[in-house]
Amino acid sequence: MKRRDLIQHLERHGCEFLREGGNHTVYVNQKTRKCSTVPRHKEIIDFLARKICKDLEIPTPIK
């Protein structure tokens, strides 16, 4: 999955950008007060994308 597609999915489901880390971007779900990091790679493997969504308690992205 492309990184930009994952970020669009996160933002569509109410997650917000929190801060930039060294190699990651941190997103937070304000409703559940959960946060997760998104690596700065062009491609993010599907397993990791599902884990990020699970951590943020949002639906998994559909291909």
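Arg 40 is partly exposed, with a relative accessible area of 41%. In this predicted model, Arg 40 forms a salt bridge with Glu 20. The closest N and O atoms of that pair are 2.6 Å apart. Glu 20 sits in strand β1 (residues 15-20), and Arg 40 in the loop between β3 and α2, so the pair links distant parts of the chain under the strand and helix assignment used here. The two residues are 20 residues apart. Glu 20 is partly exposed too, at 43% relative accessibility.

**Salt bridges**

- Side chains of opposite charge can pair when their charged atoms come close.
- The count for this model comes to 4 salt bridges.
- Lys 2 and Glu 43 make one of them, with their closest N and O atoms 3.0 Å apart.
- This pair also links distant parts of the chain, 41 residues apart. Lys 2 belongs to the segment before α1 (3-12). Glu 43 belongs to the loop between β3 (34-39) and α2 (46-56).
- Lys 2 has a relative accessible area of 37%, which makes it partly exposed.
- Glu 43 is partly exposed as well, at 46%.
- Lys 51 pairs with Asp 55, and here the closest N and O atoms are 2.7 Å apart.
- Both Lys 51 and Asp 55 lie in helix α2. They are 4 residues apart, about one turn of the helix.
- Lys 51 is partly exposed, with a relative accessible area of 41%. Asp 55 is partly exposed, with 28%.

**The sheet**

- An open sheet is formed by 3 strands, in the order β1-β2-β3, with antiparallel pairing.
- β1 and β3 stand at the edges, each with a single partner strand, so one side of each has no neighbour in the sheet.
- On average, neighbouring strands are turned by 30° against each other, direction ignored.
- β1 and strand β2 (residues 24-29) run antiparallel and are joined by 5 bridges.
- A hairpin connects β1 to β2 through 3 residues.
- β2 and β3 also run antiparallel, and 6 bridges join them.
- Helix α2 lies across β1, β2 and β3. The helix runs at about 160° to β3.

**Glu 16 in strand β1**

- In a regular strand the side chains alternate between the two faces of the sheet.
- Glu 16 lies in strand β1. Its relative accessible area is 41%, so Glu 16 counts as partly exposed.
- Which residues does Glu 16 contact, leaving aside its neighbours within four places in sequence? They are Val 26, Tyr 27, Val 28 and Gln 30.
- Glu 16 and Arg 3 are 13 residues apart in sequence. In space they are 15 Å apart, C-alpha to C-alpha.

**The aromatic pair**

- A pair of aromatic rings is described by the distance of the centres and the angle of the planes.
- The count for this model comes to 1 aromatic pair.
- The rings of Phe 17 and Tyr 27 have their centres 6.1 Å apart. Why is the pair edge-to-face? The ring planes stand at 75°, and planes over 60 degrees apart count as edge-to-face.
- Phe 17 is in strand β1 and Tyr 27 in strand β2, 10 residues apart, so the pair links distant parts of the chain under the strand assignment used here.
- Phe 17 also stands opposite Tyr 27 in β2.
- Is Tyr 27 buried or exposed? Tyr 27 is buried, because its relative accessible area is 4% and buried means under 20%.
- Phe 17 counts as partly exposed, at 43% relative accessibility.

**Positive phi angles**

- Most residues other than glycine have a negative phi.
- Arg 33 has a positive phi of about 60°, although it is not a glycine.
- Arg 33 is found in the loop between β2 and β3. At 64% relative accessibility, Arg 33 counts as exposed, because exposed means over 50%.
- Glu 57 has a positive phi of about 60° too, and it is not a glycine.
- Glu 57 lies in the segment after α2. Glu 57 is partly exposed, with a relative accessible area of 48%.

Key. Residues are numbered from 1 along each chain as its sequence is written. This is a predicted model: local features need pLDDT of at least 70, side-chain atom pairs count only at pLDDT 80 or more; totals for chains, interfaces and linings use all residues. Side-chain values use heavy atoms; hydrogens and water are left out. A salt bridge is a side-chain nitrogen of Lys or Arg within 4 Å of a carboxyl oxygen of Asp or Glu. Buried means under 20% relative accessible area, exposed over 50%, partly exposed in between (1.4 Å probe, protein chains only). Two strands pair if DSSP finds at least two bridges between them. Contact means heavy atoms within 4.5 Å. Axes are lines fitted to C-alpha atoms, for helices over the stretch in contact, and angles run from 0 to 180 degrees between N-to-C directions. Rings of Phe, Tyr and Trp (its six-membered ring) pair if their centres lie within 6.5 Å; planes under 30 degrees apart count as stacked, over 60 as edge-to-face and the rest as tilted.
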